[in-house]
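Please have the sequence and the model at hand. The report below takes the two chains in turn, then the contact between them.

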Amino acid sequence: MKLSVFFLSGALVVSGVAAAVAHGGATGIVKERMDAMGAMGKVMKSLSAMMRGETEYDAEAVRKGAEVLQSHSGEALTKQFPEGSIEGPSEAKPEIWSNWEEFSGISGQLKLFATALGEAADNGLSKPGARGGMMGQGGMMGQGGMMGQGGMMGQGSMMGNPSHMQNPELLAQMPVQGLFNMTAQTCSACHTKFRIEKK
Amino acid sequence: MRIWLVGAFSALAIAGAGFAGLHYWPIGKPVELEASQGDPQRGAYLARMSGCIACHTDIEGGGTPLAGGLKLPTDFGTFYSPNLTTDRENGIGAWTLEDFAKAVRQGVSPDGDPYYPSFPFPFYAKFSDQDVADLWAAFQTVPPVAEASKAHEMVPPFNVRSGLKVWRGAFLGTEAFRPDSNRSETWNRGKFIVEGPAHCGACHTPRNLLGARQAELYLHGADKLPDGGKSPPITASSLREGGWTVGSLSYALQTGVMPDGDVFGGSMGEVVRDGTAFLSEEDRKAIATYLLERDE
């Protein structure tokens, strides 16, 4: 009897641990930021379906989604990465702290783009006639872009954003598709440098 | 395991050397091109698709485009991408179109030396004569950079380049591209891009102990990539199981956004940032169509 209780409680403890692992097992600040990333992922999922034309364009949903992205970017994001916080299931690379300026720079960039995304919601997906918008295919690459002065490198596109990409007012005039792509590319830039790919 | 590897490679090298005088064993086929006039625009687009710039530019280190120097650590040693600018001493400025064709499609240097397969020439073998001429025309527009290429730091016995001749004999297939006439033009365009310039299989097909891709596991995903990461399988069935469609896959190749809302990181983030984001919508759709509708 006593023995079976002992085993039963053991099994309970084990299953409790298993559940915690399945849920990521994250605690404290690591859990907080994983939840924040998850919230942004949810927004990206629903907005990207809209960008691909699978769901109807909804300016209000773009504004609300952009608000979520904005609330988790900039300092709100960097504050969730106190130095050395890589415990548990964290996917953060230690390079975050040896390269803090770049990390916080990308986070600030995300806030800038997310803010513009919300303000541009009424601009619509793309400007009439300008398929894909500014960042679409024609833009950076199209005729001569890659072969311009810089030879085979598109003009500095790999080396950072030109200054007009930093101007909030100009950004807010862009079509949503272009801004959303820039937002996604910012996410990817940070994941590429600072996230451990566990999947 | 490394010992096993070294042993196997040495045995191959010694056996080969004993037999034929490996050093003098000529490799590669003579080059006769049907096209010599290239279109630099088209070539630059192909170069982008092929990852030339991404791998031959040390972006992090502030390197000049195509001047090389990017580090690629592997089990066999550390590779450094060489200078591909038009500098005559340090780059490929003194090469002919035929030299270039042989290097890109056969993996043989103008001096007759074999290149390590870290340079994905087995994929570039799919290039047509016109593709090669276009690429060559594009490379002519690259300003010279007088920076010497860094020597690879190989772990013995892989530092013996002529051992690669045995490797080539054992593993290398460099067939030209063959379209499938029963399939759509889009599908065939995707097949060309995936099997050729985009060299998807370089990371998504697992390699054997000697670094050769395992044909029967084509696109089944691999671990132990140079950056320490893993690549997922991208066979048609696994992609469909993962919920991918032609629309979502071509969109991911443009933006990095996956169907679940997560955004690519790791080396796939780089592939999108430096490569597929710059392709035409049609080409991204072609890649997605081929991958999702491939026979397995």
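How many residues lie between β1(B) and β2(B) in the hairpin that they form? Two residues lie between β1(B) and β2(B) in this hairpin.

This is a predicted model, in which local features need pLDDT of at least 70, side-chain atom pairs count only at pLDDT 80 or more, and totals for chains, interfaces and linings use all residues. Residues are numbered from 1 along each chain as its sequence is written, while chains are lettered from A and ligands numbered from 1 in the order in which they are written.

**The sheet of chain B**

Strands here are DSSP runs of E with at least two residues, and helices are runs of H or I with at least four, numbered from the N terminus. Two strands pair if DSSP finds at least two bridges between them. In general, strands of a sheet pair through backbone hydrogen bonds, either parallel or antiparallel.

β1(B) pairs with β2(B) (residues 77–80) over four bridges, in the antiparallel sense. Pro73(B) has Thr78(B) of β2(B) as its bridge partner. Thr74(B) stands opposite Gly77(B) in β2(B).

**Helix α2 of chain B**

Helix α2(B) spans residues 40–50. Nine of its 11 residues are buried, so α2(B) is largely enclosed by the rest of the structure. A residue is buried if 20 or more other C-beta atoms lie within 10 Å of its own, exposed if 12 or fewer, and partly exposed in between; C-beta atoms are placed from the backbone. Among the buried residues of α2(B) are Pro40(B), Gly43(B), Tyr45(B), Arg48(B) and Met49(B). The buried residues of α2(B) pack against α3 (52–55), α5 (121–124), α6 (129–139) and α8 (185–195) of chain B. Gly51(B) follows α2(B), with a positive phi near 80°.

Leu46(B) sits in α2(B). Leu46(B) counts as buried because it has 22 C-beta neighbours inside 10 Å. Leaving aside residues up to four places away in sequence, Leu46(B) touches Asp131(B), Asp134(B), Leu135(B) and Pro197(B). Touching means contact: the two C-beta atoms, placed from the backbone, lie within 7 Å. Ile27(B) is 19 residues from Leu46(B) in sequence and 26 Å from it in space, C-alpha to C-alpha.

**The helices of chain A**

Chain A has nine helices and zero strands. Of its 199 residues, 34% count as buried. Among contacts in chain A between residues at least 6 apart in sequence, 78% join residues at least 24 apart.

Two helix pairs are set out below. Axes are lines fitted to C-alpha atoms, for helices over the stretch in contact, and angles run from 0 to 180 degrees between N-to-C directions.

| Helix pair | Axes | Angle |
|---|---|---|
| α2(A) (28–51) and α3(A) (59–71) | within 9 Å | roughly 155° |
| α3(A) and α6(A) (100–119) | 8 Å apart | about 160° |

The angle makes α2(A) roughly antiparallel to α3(A). That term covers angles over 145 degrees; under 35 is roughly parallel, 65 to 115 roughly perpendicular and the rest oblique. α2(A) passes α3(A) in a left-handed crossing. A crossing is left-handed if the near helix is turned anticlockwise from the far one by less than a right angle, and right-handed if clockwise. The contact includes Ala39(A), Met40(A) and Val43(A) of α2(A), and Ala61(A), Val62(A) and Gly65(A) of α3(A). By class, this contact has eight nonpolar, two polar and no charged residues. Ala, Val, Leu, Ile, Met, Phe, Trp, Tyr, Cys and Pro count as nonpolar, Asp, Glu, Lys and Arg as charged, and the others, Gly among them, as polar.

α3(A) and α6(A) are likewise roughly antiparallel to each other. α3(A) passes α6(A) in a left-handed crossing. Residues of this contact include Arg63(A) and Glu67(A) of α3(A), and Lys111(A) of α6(A). The contact of α3(A) with α6(A) has five nonpolar, three polar and three charged residues.

**Where the chains meet**

The contact between the chains takes 35 residues from chain B and 27 residues from chain A. On the side of chain B that touches chain A, α2, α11 (246–255) and α12 (266–274) each supply at least two residues. α12(B) gives the most to this side, with six residues. By class, this side of chain B has 16 nonpolar, 12 polar and seven charged residues.
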